[in-house]
Amino acid sequence: RPLYDVARIRADFPILATQVRGKPLVYLDNAASSQKPRQVLDAERAVYETGYANVHRGVHYLSEKATQGYEAARETVRAWINAASTNEIVFTRGTTESINLVAHCWGRANLRAGDEILITHLEHHSNIVPWQMIAETTGARLVVAPVDDRGEVDQDAFDRLISSRRVKVMAVAHVSNALGTILPVRRMIEAAHKVGAIAVIDGAQALPHLAVDVQALDADFYAMSSHKAYGPTGFGVLYGKLPLLKAMPPWQGGGDMIETVTFEKTTYAEPPAKFEAGTPHIVGAIGFAAALDYIAGIGVGAIAAHEHDLTAYAHERLCEINRLKIIGEARDKAGVVSFTIDGIHPHDIGTILDQQGVAVRTGHHCTQPLMVRFGVPATARASFGMYNTRDEVDALVDGLRKVVKFMG
Ligand code: PMP
């Protein structure tokens, strides 16, 4: 039995009551993006209806109110991840921008030819490509820690690679979006620090499913997206240790990130403003804070336990389908189940499931090198959120029986 009333939670998400293709929606694509509760939608609407103006610049009432909401969101995020100061919370467009910011600003200032950037074989493209781009301009080298058949990072190989003493950055996912693997980031960060490297954690998939404490992890940078944690799209966070943020050059240039500007010379504001040029996603910040408050009302622990139960149940039931193979059976796993069915293309699995109202993702999940590692072009992926139920896992299994009947 779930640790909370899932039916009551579902009632907060208007979209979950809708039908798709004439069938009740079974939404199992939460790793791509999660749905939004009324509380988030209301919070966003309330800003536009009663408290909207540009932030940081006005002395008038609405600007002060919007600024208060925007900065209160920063404090909500700080407390959520237990950062030491709100100055360490940089608002961005999402995980992708957060990682690009670190790669570009920190990387440009600190990487030299011959330095190594250590990632893993299971990274999302957004934790591969920005590092390749900065490697190209600095002469640094990308090094990849292998993943074993279970979908776990080979820790012996990782230890060997990180001890080369040329590694300056370790950039790894907290949770794999394609396989659900939870990486032992605490020990990996410690290993990185032992060789003087900084640790950048891609937390896109961790935030809604695990309690994150950046100080306990001792992460140097931690990247997040609001939209995967029941908040609005187009908004995210970069946590960075203050001394690192202070020492880094700015990201984009423009309003709000400066202290003084003359045509001869500009001086920059302190973090986080230094990295937040231009009018930010004010409503996104406030909506995201509402999402975190909503999650807090249920409890990350309870949600994690519920999703863990669904994942275990899905593993158990999917085994009933002939020729179905689960890709990624890590011992420590968040709510993601990737699979293939021998002889049926994942795209066809997704299309036939969709006709039955079941939304799953099919494709490479922005992890093409990982697909190559497992020798598949793509997988079908069911991913769970706080509002999913065992009945929905059953609907997935029923749908897959039809897939096998039609295609098999
Ligand atoms: N990393 C991981 C592990 C992800 O799952 C995603 C989103 N699929 C990202 C990074 C990129 O996040 P966003 O698209 O929100 O920038």
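Mentor: An axis is a line fitted to C-alpha atoms, for helices over the stretch in contact, and angles run from 0 to 180 degrees between N-to-C directions. Helices (H or I, at least four residues) and strands (E, at least two) are DSSP runs, numbered from the N terminus. This is a predicted model, in which local features need pLDDT of at least 70 and side-chain atom pairs count only at pLDDT 80 or more, while totals for chains, interfaces and linings use all residues. Residues are numbered from 1 along each chain as its sequence is written, and side-chain values use heavy atoms, with hydrogens and water left out.

Trainee: Why is α11 called roughly parallel to α14?

Mentor: The axes of α11 (residues 300-318) and α14 come within 10 Å and cross at roughly 25 degrees. Angles under 35 degrees count as roughly parallel, over 145 as roughly antiparallel, 65 to 115 as roughly perpendicular and the rest as oblique. The pair α11 and α14 is therefore roughly parallel. Their crossing is right-handed, the term for a near helix turned clockwise from the far one by less than a right angle; anticlockwise is left-handed.

Trainee: Which residues of α11 and α14 make the contact?

Mentor: Contact means heavy atoms within 4.5 Å. On α11 the residues are Asp309, Leu310, Tyr313, Ala314, Arg317 and Leu318, and on α14 they are Arg390, Val393, Asp394, Leu396, Val397, Leu400 and Arg401. They divide into eight nonpolar, no polar and five charged. Ala, Val, Leu, Ile, Met, Phe, Trp, Tyr, Cys and Pro count as nonpolar, Asp, Glu, Lys and Arg as charged, and the others, Gly among them, as polar.

Trainee: What makes α12 oblique to α14?

Mentor: The axes of α12 (residues 346-355) and α14 (residues 390-407) come within 9 Å and cross at roughly 120 degrees. That angle makes α12 oblique to α14. The crossing is right-handed. Asp348, Ile349, Ile352 and Leu353 of α12 meet Leu396, Gly399, Leu400, Val403, Phe406 and Met407 of α14. By class, eight of these residues are nonpolar, one is polar and one is charged.

Trainee: Why is α3 also called oblique to α10?

Mentor: The axes of α3 (residues 61-81) and α10 (residues 282-298) come within 8 Å and cross at roughly 40 degrees. That value makes α3 oblique to α10. The helix α3 passes α10 in a left-handed crossing. The residues of this contact comprise 13 nonpolar, two polar and one charged.

Trainee: How do you know that the bond between Pro271 and Pro272 is cis?

Mentor: Omega there is about 5 degrees. Pro272 sits in the loop between β12 (266-268) and α10.
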